[in-house]
Amino acid sequence: VIDIMSALCCTYMLQAHSGVKRRVSTAEGLLSEQEAQGAARLQAVLKRSLLVVMAIAAIAYAAASTAGSAGIFSQAFYAFGVGGIVTIFGYVYVETDQALLHKLLTQTRFGKIVMQVLRNEWMRAFVVCSFSLGIPTMLLLDRLRQNVRRLRFPNDTGSDKFTPAGRRVINELRTWHWSMILRKADIFSVITILLFVGLKGTYVFFSWLNYFLLAAQLDLVAISSLVFAVGLLMFMLPIVPGTAVYLFSGVVLGFYSTSNGLHLGVGIAIGTILASVLKHVACTGQYFIGYLAGKSVHVQRFVGVDKVPTRAMEMILNQRGFALGKVCILVAGPDFPTSVLCGILKLNIPQMLLGTTPVIVVSIIPQVAVGALLTMPGNEEYSALATVFAFVIQVLATLYVSYRILKTAEENLQLLSQYREEHAEVAELTRRERSYTRKFLEVSSWAKLPIHIKGLILMTSGILWSAAFVLVIDFMSV
């Protein structure tokens, strides 16, 4: 599957030159005519690379979301993701002209957006968490490569222990503020631990509750009421995915229907209606959590209400009706963070709920059906089919959201970058803390930290990352 993913990625990106309709203008980027032509193709390659990386992230998220219904698919999806990651970085490394790439990233609108993302410490922390073993491995292989080149060409390799490409990577890594990056990497590790422990704990709790409800011999109204109450409580917890609640509804109501002489479809229908109402009520509750939290200027700054990516997402979500980009964000995004962000941005509640409604077709019905089918042996094929359907929709929606946000930010960069009066307090907070932040970055610079402090930071990050890594591996092996 890794070879298949690599072939698909290469085929997709090799079509970049034929799909470029809007060239990088010489006026926009101050590039020569020849450089503009090369930059146009490079820009197309980078755009496609970003979309493929986002597709891989969508695959990982969808695999985690559907793991409770078909674990074998999660392993295959992660294998596709590994192949895509390797292919993307390898292809971009081979195809990139360093001088032209520098001009593209510093002199064009698209490049400025990319640089804003790449320079973000949260993004760098995510890279460190994702490639903790890959970065030192790459440097080790680069050093071995340089040794081989020195043996073959002793007069042409110089005295550097690394190749020119490896030296560029090292010089770039030295500019990173490692104290802050590792601090954020620790946060990512803790979130990963909570998510995976919470995911397993949720399924264990729902399994126990399912047996408890069935043993209590309750009627349909009582069982439905308890499922609704428990589901709403679980939806209010950030670590609980909506998929777990939908599966739980399907298992309980599906088994109740068949145990009382009703058709399985009746249980699926009741579970779908219950889960749909529950989803919209939970979205409203999560919205008000975000609305109240958004009154804090620190929360507004944390989510970046004054940043281009967040404003681009806000522009998409403010569209009325069933605009595709808006629907994809509300349906494919993580349940709790998405609704909370809508509350922080103070979006229109009826329009938010309207855009959330298609989740009934693309997620609730398939997952409730999977839960109901799990109570009846011999329906593994139908369960797997429903899981794959939900997975494919999740990936495609996330991919389109990534493309839509990138496109909106690029086309409306000047508008989205303008000063807004409602964000004056955020700008003032940033200004007041600028001197403190500058001093803090200065004293916490990695080069100035004592060796024992560096060791303590690295040990802490290593322990947290290892714990998260073990949980992820255990999750994939289920």
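**Group meeting: a walk through the helices and their contacts**

Hi everyone, let's start inside. The largest nonpolar core has 31 residues, and Phe 206, Val 227, Val 245, Tyr 246 and Phe 248 have the most contacts inside it. By nonpolar core I mean a set of buried Ala, Val, Leu, Ile, Met, Phe, Trp, Tyr and Cys residues joined through side-chain atoms within 4.5 Å. Buried is under 20% relative accessible area, exposed is over 50%, and partly exposed is in between, with a 1.4 Å probe and protein chains only.

Before going on, a word on what you are looking at. This is a predicted model, where local features need pLDDT of at least 70 and side-chain atom pairs count only at pLDDT 80 or more, while totals for chains, interfaces and linings use all residues. Residues are numbered from 1 along each chain as its sequence is written, and side-chain values use heavy atoms, leaving out hydrogens and water.

At least two of its residues come from each of α10 (178-215), α11 (220-235), α12 (242-259), α13 (264-293), α16 (324-332) and α19 (359-373). Which residues does Phe 206 contact, leaving aside neighbours within four places in sequence? They are Val 230, Met 234, Ala 244, Val 245 and Phe 248, with contact meaning heavy atoms within 4.5 Å.

Now the overall picture. The protein has 24 helices and zero strands; these are DSSP runs numbered from the N terminus, helices being H or I of at least four residues and strands E of at least two. Of its 478 residues, 44% count as buried. Among the buried ones are Arg 311 and Glu 314.

On to the rings. There are nine aromatic pairs in the whole structure, counting rings of Phe, Tyr and Trp (its six-membered ring) with centres within 6.5 Å; planes under 30 degrees apart are stacked, over 60 edge-to-face, and the rest tilted. Trp 122 and Phe 188 have ring centres 5.6 Å apart and planes at 90°, so they are edge-to-face. This pair links distant parts of the chain, with Trp 122 in helix α7 (residues 121-130) and Phe 188 in α10, 66 residues apart. Ring pairs also join Trp 122, Phe 126, Phe 188 and Phe 302 into a cluster. And Lys 184 lies over the face of Trp 122, 5.3 Å from the ring centre; the test is NZ of Lys or CZ of Arg within 6 Å of the ring centre and within 35 degrees of the ring normal.

Last stop, the charges. Side chains of opposite charge can pair when their charged atoms come close. The whole structure holds 11 salt bridges, each a side-chain nitrogen of Lys or Arg within 4 Å of a carboxyl oxygen of Asp or Glu. Glu 428 bridges to Arg 431, with the closest N and O atoms 2.4 Å apart. Both lie in helix α22 (residues 424-432), three residues apart, about one turn of the helix. Further along, Glu 442 forms salt bridges with Lys 439, at 3.7 Å, and with Lys 448, at 3.8 Å. Lys 448 is exposed, at 55% relative accessibility, whereas Glu 442 is partly exposed at 37%.
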